Amino acid sequence: MLDALLAERREILTKPRLSTADRRALERVEREIGELPTGETPEQMEAMDIIQQAARSLKKAGGGASR
């Protein structure tokens, strides 16, 4: 069930433009799936990679936040 929902979500998100019906379907699928980790779309994965690279650079330079 989850695999089918994730496949449907991925199919919707890869469309260049979302119709009103697509948006409604996406909302329904996301409600059924529930909370997912970040990095589901290519854009989100790229953004997370950039954030992680920046964090590593800051840590090496001694500019990371102290805990």
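This is a predicted model: local features need pLDDT of at least 70, side-chain atom pairs count only at pLDDT 80 or more; totals for chains, interfaces and linings use all residues.
Colleague: How many salt bridges does the structure hold?

Modeller: Residues are numbered from 1 along each chain as its sequence is written, and side-chain values use heavy atoms, with hydrogens and water left out. A salt bridge is a side-chain nitrogen of Lys or Arg within 4 Å of a carboxyl oxygen of Asp or Glu. By that rule, the number of salt bridges in the structure is four.

Colleague: How many residues apart in sequence are the parts that glutamate 8 and arginine 28 tie together?

Modeller: The closest N and O atoms of glutamate 8 and arginine 28 are 2.5 Å apart, which makes the pair a salt bridge. Glutamate 8 lies in helix α1 (residues 2–13) and arginine 28 in helix α2, so the separation of the parts they tie together is 20 residues. Helices are DSSP runs of H or I with at least four residues, numbered from the N terminus.

Colleague: Is arginine 9 buried or exposed?

Modeller: Arginine 9 meets glutamate 30 in a salt bridge (3.1 Å, N to O). Buried means under 20% relative accessible area, exposed over 50%, and partly exposed in between (1.4 Å probe, protein chains only). Glutamate 30, at 34%, is partly exposed. With a relative accessible area of 10%, arginine 9 is buried.

Key:
Helices (H or I, at least four residues) and strands (E, at least two) are DSSP runs, numbered from the N terminus.
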